[in-house]
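This report concerns the side chains of one protein model. The sequence and the structure are shown first.

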Amino acid sequence: MLPSQGGSCDGRTVKTPAKTPAKAKLKEARVFPTLGLEFLLIQSSGGPVCGVDEAGRGPWAGPVSAGAVILNPDDLPPGIDDSKALTHVRREALEIEIKARAVAWGVGFASVEEIAELNILHATGLAMCRAIEALQVQPVAALVDGNYRFKLPCDVQTVVGGDGLSLSIAAASILAKTARDRLMVELDAEYPGYGFAGHKGYNAPVHQEALKTLGPCPAHRRGWAPIRALLEL
């Protein structure tokens, strides 16, 4: 067991003024995560706050993972961002920095068997619980990516798009992603032929072809429709 035009009412075309370079640049600028939500929650909760995020809810194979991180505002690794906005190399470098400089960090998994038993939503909650329980400093509250209020060992505040808003959630997303990616590489060695090291268990042409040829292996989520369909042939 793995512990988100314009027009006019009279029908005339309304010509919008051409954007100035400054306005265009302002519109293209993206918002990066900060510690603003963390500071607000620390003030209201009176104790340490962690960010929590998951990786691997959608794949056809492998466990779901979760990360939990309490960042040190005085020692932040530069460049923390939503894991999906980072390259593989950058995620791995930030993983090392986060683990070395955070107040506390933890990673948890829920296995394929637990996903089948509990369903993916509750298995994700289990992985999050394990990640928080692995923290050496227990938080009073957690900022959790998404809109579902999981039952966790501390108070929960959900944040839609949290991995792009909260540095702690972004850091947690990096740890969850890198940990799961490594595990999928291990599963690729254990169950060769499926390409787990490349697609990490997600839907991909090479994955589909391998399933048709080899059938599912123990790492596959047999409750998933494509896997179940193969088993019913």
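The text below treats nonpolar cores, aromatic rings and salt bridges in turn.

The model is predicted, so local features need pLDDT of at least 70 and side-chain atom pairs count only at pLDDT 80 or more, whereas totals for chains, interfaces and linings use all residues. Residues are numbered from 1 along each chain as its sequence is written, and side-chain values use heavy atoms, without hydrogens and water.

**Nonpolar cores**

In soluble globular proteins, nonpolar side chains tend to be buried together. A nonpolar core is here a set of buried Ala, Val, Leu, Ile, Met, Phe, Trp, Tyr and Cys residues joined through side-chain atoms within 4.5 Å. Buried means under 20% relative accessible area, exposed over 50%, and partly exposed in between (1.4 Å probe, protein chains only). The largest core has 23 residues, of which Val52, Ile132, Val144 and Leu152 touch the most other members. Helix 5 supplies the largest share of this core, seven residues. Helices (H or I, at least four residues) and strands (E, at least two) are DSSP runs numbered from the N terminus. Apart from this core lies another, of 15 residues, including Met184 and Ile227.

**Aromatic rings**

Rings of Phe, Tyr and Trp (its six-membered ring) pair if their centres lie within 6.5 Å; planes under 30 degrees apart count as stacked, over 60 as edge-to-face and the rest as tilted. The whole structure holds two aromatic pairs. In one, the rings of Tyr148 and Phe150 have centres 4.8 Å apart and planes at 65 degrees, so the pair is edge-to-face. Phe150 is buried at 6% relative accessible area, whereas Tyr148 is partly exposed at 36%. In the other, the rings of Tyr194 and Phe196 have centres 5.4 Å apart and planes at 10 degrees, and this pair is therefore stacked. Tyr194 is buried at 5%, and Phe196 is buried at 0%.

**Salt bridges**

A salt bridge is a side-chain nitrogen of Lys or Arg within 4 Å of a carboxyl oxygen of Asp or Glu. The count comes to 10 salt bridges, among them the following.

| Residues | N to O distance |
|---|---|
| Lys84 and Asp82 | 3.2 Å |
| Glu95 and Arg182 | 2.6 Å |
| Glu209 and Lys212 | 3.6 Å |

Glu95 in helix 3 (residues 88-101) and Arg182 in helix 6 (residues 167-190) are 87 residues apart, and their pair links distant parts of the chain. Glu209 and Lys212 are separated by about one helical turn, because they are three residues apart in helix 8 (residues 205-214).
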